[in-house]
Amino acid sequence: MMAKEMREPIETGCPDAFQYMHPVMRKNYGMWKFHEHPRPGVLRHVAYSGDEIWTVRAGTQRILDLYTLRKLCDIGDQFADGFVHFTIRSNIEYMVADGSKVDGLIKAIEDAGFIVGGTKNSVTMISHTQGWLHCDIPGTDASGVVKSMMDELIDEFRECNMPNRVHITTSCCQINCGGQGDIAINVQHTKPPKINHDLVGNICERPSVVARCPVAAIRPAMVNGKPSLEVDEKKCICCGACFPPCPPMQINDAEHTKLAIWVGGNHSNARGKPTFQKLVAAGIPNNPPRWPEATALVKRILKAYKEGARDWERVGEWVERIGWSRFFEEVELPFTKYHIDNWRGARKSFNASNHIRF
Amino acid sequence: MAIEKHHTPMIDQLESGPWPSFITGIKRMRDEHPDGRINEVVNDLLGQLEHSYETRKGYWKGGTVSVYGYGGGIIPRFSEVAKAFPKSKEFHTIRVQPPAGNHYTTGMLRQLADSWEKFGSGLVTFHGQTGNIMFIGTDTQRTQDFFDDINDYGWDLGGAGPCVRTAMSCVGAARCEMSCVNEQKAHRLLVNNFTDDVHRPALPYKFKFKVSGCGNDCQNAIERADFAVIGTWRDDMKVDQEEFKKYVAEKGRQHVMDNIITRCPTQALALNDDDSLKVNNRDCVRCMHCLNVVPKALHPGDDKGVTICIGGKRTLKIGDLMGTVVVPFKKLETEEDWESLVEMAEEIIEFWAENALEHERCGEMIERIGLVNFLEGIGIEPDANMVNEPRQSSYVRMDGWDEAAEAYFARKAEA
Ligand code: HEM
Ligand code: SF4
Ligand code: SF4
Ligand code: SF4
Ligand code: SF4
């Protein structure tokens with residue numbers, strides 16, 4: 001066989017979107033006046049020109065196979081002049097200029113098995129990462145956790161019954177690619193890495209692994225006459241950062257890799273400044289294939305939020321108003337020494353007042 | 001030829017329930033696709049995934065795979081259990097840069113699907129959290145073939161490794177009345193200026209650009225981008241008083257007090273006796289709350305621009321960091337404005353590339369060397385909007401105080 005002739009790549013970078021944009025959006029670019037929310041899953045935007053565009057948003061399985069992708073394209077061809085848009089949370093959006101097409105579009109989406117919703121005060125699609133399907137360091141499977149949870153949160157996706165929008169994220173290791181969330185379900189390792197000393201010397205660039213550890217728990221060492229690494233297990237915080245550059249430092253463990261739940265992450269500036277998520281629950285079993293314990297907890301938090309929060313309060317704002325001590329009571333979760341931060345800047349999180357709720 | 005399907009009782013359970021199932025989709029590629037190569041690859045992928053579910057462990061390891069001429073853009077995956085699942089032994093992900101704002105025609109999606117059908121597993125994600133289209137699962141040779149195919153009709157790889165990563169921008173001006181900046185222009189100008197740094201990883205670590213058109217920050221720029229561009233305005237917000245009064249009439253004064261007036265973080269709002277809205281624009285911090293509640297009546301002003309925040313990132317290694325305000329307001333109107341945005345990004349990346357430790361994000365470097373040294377390094381003067389409050393610690397040398405004060409007044413006089 002002839003070797004393929006190599007050619008230099010054409011370095012086009014990020015493509016111009018105007019060629020793929022719905023013509024009504026292209027025409028009114030930067031000239032939109034207001035929007036309305038006629039029903040869950042549907043947005044109506046009106047431009048200063050008087051033009052309007054209706055958007056129907058739908059949730060999918062995120063990991064798309066070609067059949068599903070083409071099915072999504074068929075719907076776009078049939079109803080939306082062949083234009084689609086994706087949101088940051090992997091929802092697909094179809095745009096139509098004519099509002100009378102919306103009902104037919106919704107029916108086609110639902111008949112094809114996708115879920116219309118995810119707008120306004122809904123629990124929208126969980127943003128997630130790769131998991132066992134594809135990452136090299138995952139402690140759990142993001143797609144499976146998300147599928148299991150969305151099965152149970154589907155009504156919250158379809159309706160807009162929450163006090164404000166709810167963004168849930170999942171991440172399959174503590175690196176937390178999934179992002180900050182109103183509720184975040186993340187892997188939490190609970191045991192230091194198990195080291196396969198026979199392999200370290202061959203595979204790992206030892207100085208860079210030592211440099212990676214955030215608490216300086218790793219030292220170079222000779223083990224069984226071979227160069228390897230050792231971990232001061234008392235210092236180790238089980239973050240897993242040494243595992244990607246040095247796979248023989250196995251951090252994932254069938255039993256001791258757990259899930260933890262964090263709440264109150266919010267990147268919007270609305271009302272308050274953006275906030276990071278805070279730990280509320282840990283030690284949750286990493287229990288495939290349906291992760292029922294994690295889902296039950298998420299539902300408990302959502303229920304308390306829905307009952308207790310005022311309109312427009314995000315999860316974190318609600319907790320700040322009622323106070324963390326009441327939050328732990330409301331969701332019937334224990335408050336432990338592990339909830340008290342001991343990382344850099346921890347003192348900022350301590351209460352230096354007698355602001356106390358009884 | 002019929003393939004011997006792996007027994008997958010655990011992941012089969014993910015086919016029940018009303019939410020669309022990725023397992024059902026993947027199985028169709030195994031069972032119904034006419035290409036035997038795809039059937040076999042996907043069968044072994046499912047087998048390995050079931051094995052992960054049984055043992056609660058992942059079995060992919062990285063490596064180095066790239067296309068000719070590039071150093072990054074592929075996430076290499078080699079199976080550690082290839083003996084049992086040989087057909088998905090190599091299962092690399094190809095990161096492809098989406099159009100700014102994630103707009104597509106179905107024609108384009110179909111063309112990409114056809115290429116992926118020829119060379120890949122048939123699994124794809126729109127989009128990964130870094131912003132790329134992720135074509136999941138092919139071997140080393142076909143990685144090149146697929147890239148050549150899609151590169152011919154205009155698509156390019158995204159970043160992976162220590163490089164400038166794929167950027168993200170919100171739908172913004174294309175459909176959103178809150179947009180204060182041409183997000184797509186900002187996105188493409190910035191990231192495409194660094195194309196070489198996207199494809200040839202040679203920086204201390206990753207560097208991400210994200211663009212959001214307003215403070216709602218739909219792209220999560222402030223938390224997840226080294227260089228966040230966030231739209232804002234500096235003149236008066238626009239109020240359509242007739243629309244506002246209609247809203248009050250519809251919802252009642254109590255609702256308006258509870259949900260708008262008292263929710264303004266800076267107490268910049270009041271309800272007039274005639275149900276019109278009074279805005280103290282000097283106190284408004286453009287948080288977007290009131291505009292979100294009554295998008296029909298309230299709009300950003302005309303003097304639009306952006307705030308630039310530098311150094312957002314997730315935990316490793318020193319803890320989560322939000323981007324810090326480095327430019328409180330920047331007009332993006334004339335070509336010079338746009339050029340200076342790109343120059344600032346160049347300045348920052350260059351300074352970071354020279355001063356960061358290996359594997360140190362820009363925000364971590366700022367934390368280590370101090371914001372003042374960073375500002376001096378990139379030639380930006382301090383501004384009270386960069387901090388929540390001035391310093392508390394008295395341990396500081398201040399022998400340059402007089403010059404600094406003079407410089408401040410000189411700048412003020414010039415502005
Ligand atoms: C070998 C190591 C790593 C691998 C294989 C890896 C892989 C990935 C992948 C696949 C994604 C996209 C996830 C998705 O959307 O499906 C991602 C995103 C991300 N990764 Fe990593 N990652 C690694 C190391 C890290 C480290 C060390 C950090 C942080 C210190 C990190 C932070 C992130 C963040 C924050 C995102 C989300 C990006 C965003 O929202 O802009 N990753 N990573
Ligand atoms: S969260 Fe961790 S395991 Fe999951 S995709 Fe990101 S790096 Fe991989
Ligand atoms: S798991 Fe984290 S803390 Fe423990 S040794 Fe590895 S890098 Fe250090
Ligand atoms: S960030 Fe602002 S401008 Fe962009 S889509 Fe969100 S609300 Fe609209
Ligand atoms: S945008 Fe925010 S700060 Fe400004 S007036 Fe409205 S609520 Fe107040």
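**Disulfide, sheet and helix packing**

Reader: How many disulfides does the structure hold over all chains?

Author: One, over all chains. A disulfide here is a pair of cysteine sulfur atoms within 2.5 Å.

Reader: What am I looking at, and what are the ground rules?

Author: This is a predicted model: local features need pLDDT of at least 70, side-chain atom pairs count only at pLDDT 80 or more, and totals for chains, interfaces and linings use all residues. Residues are numbered from 1 along each chain as its sequence is written, chains are lettered from A and ligands numbered from 1 in the order in which they are written, and side-chain values use heavy atoms, with hydrogens and water left out.

Reader: Which cysteines form the disulfide?

Author: A:Cys204 and A:Cys246, with sulfur atoms 2.2 Å apart. The torsion about their S-S bond is about 80°, so the disulfide is right-handed.

Reader: Which parts does the pair tie together?

Author: A:Cys204 is in the loop between helix H5 (197-203) and helix H6 (206-212) of chain A. A:Cys246 is in the loop between strand S12 (226-231) and strand S13 (249-250) of chain A. The pair therefore ties together parts 42 residues apart in sequence. Helices (H or I, at least four residues) and strands (E, at least two) are DSSP runs, numbered from the N terminus.

Reader: Is A:Cys204 buried or exposed?

Author: Buried, at 8% relative accessibility. A:Cys246 is buried too, at 0%. Buried means under 20% relative accessible area, exposed over 50%, partly exposed in between (1.4 Å probe, protein chains only). A:Cys239 counts as partly exposed at 22%, and B:Cys176 does at 26%.

Reader: New topic. What is the strand order in the open sheet of four strands?

Author: S8-S9-S14-S15 in chain A, with mixed pairing. S8 and S15 (278-284) are the edge strands, each pairing on one side only. Twist averages 25° from one strand to the next. Two strands pair if DSSP finds at least two bridges between them.

Reader: How do the pairs at each end run?

Author: S8(A) and S9 (residues 183-189) of chain A run parallel, joined by four bridges. There, A:Thr170 has A:Ile185 as its bridge partner. S14 (residues 257-263) of chain A and S15(A) are antiparallel, also over four bridges. A:Val263 partners A:Lys278 in S15(A).

Reader: Which residues are on each side of S8?

Author: On one side, A:Ile168 and A:Thr170; on the other, A:Thr169 and A:Ser171. All are buried, and both faces of S8 (residues 168-171) are covered.

Reader: Now helices. At what angle do H2 of chain A and H4 of chain B cross?

Author: Roughly 160°, and the axes of H2(A) (residues 66-79) and H4(B) (residues 106-119) come within 10 Å. Axes are lines fitted to C-alpha atoms, for helices over the stretch in contact, and angles run from 0 to 180 degrees between N-to-C directions. H2(A) and H4(B) are therefore roughly antiparallel. Angles under 35 degrees count as roughly parallel, over 145 as roughly antiparallel, 65 to 115 as roughly perpendicular and the rest as oblique.

Reader: Which residues make the contact?

Author: Among them are A:Leu66, A:Leu69 and A:Arg70 of H2(A), and B:Leu109, B:Arg110 and B:Trp116 of H4(B). Contact means heavy atoms within 4.5 Å.

Reader: What about H6 and H12 in chain B?

Author: H6(B) (residues 183-193) and H12(B) (residues 335-355) pack at about 45°, axes 10 Å apart. That makes H6(B) oblique to H12(B). The contact includes B:Leu189 of H6(B) and B:Trp338 of H12(B).
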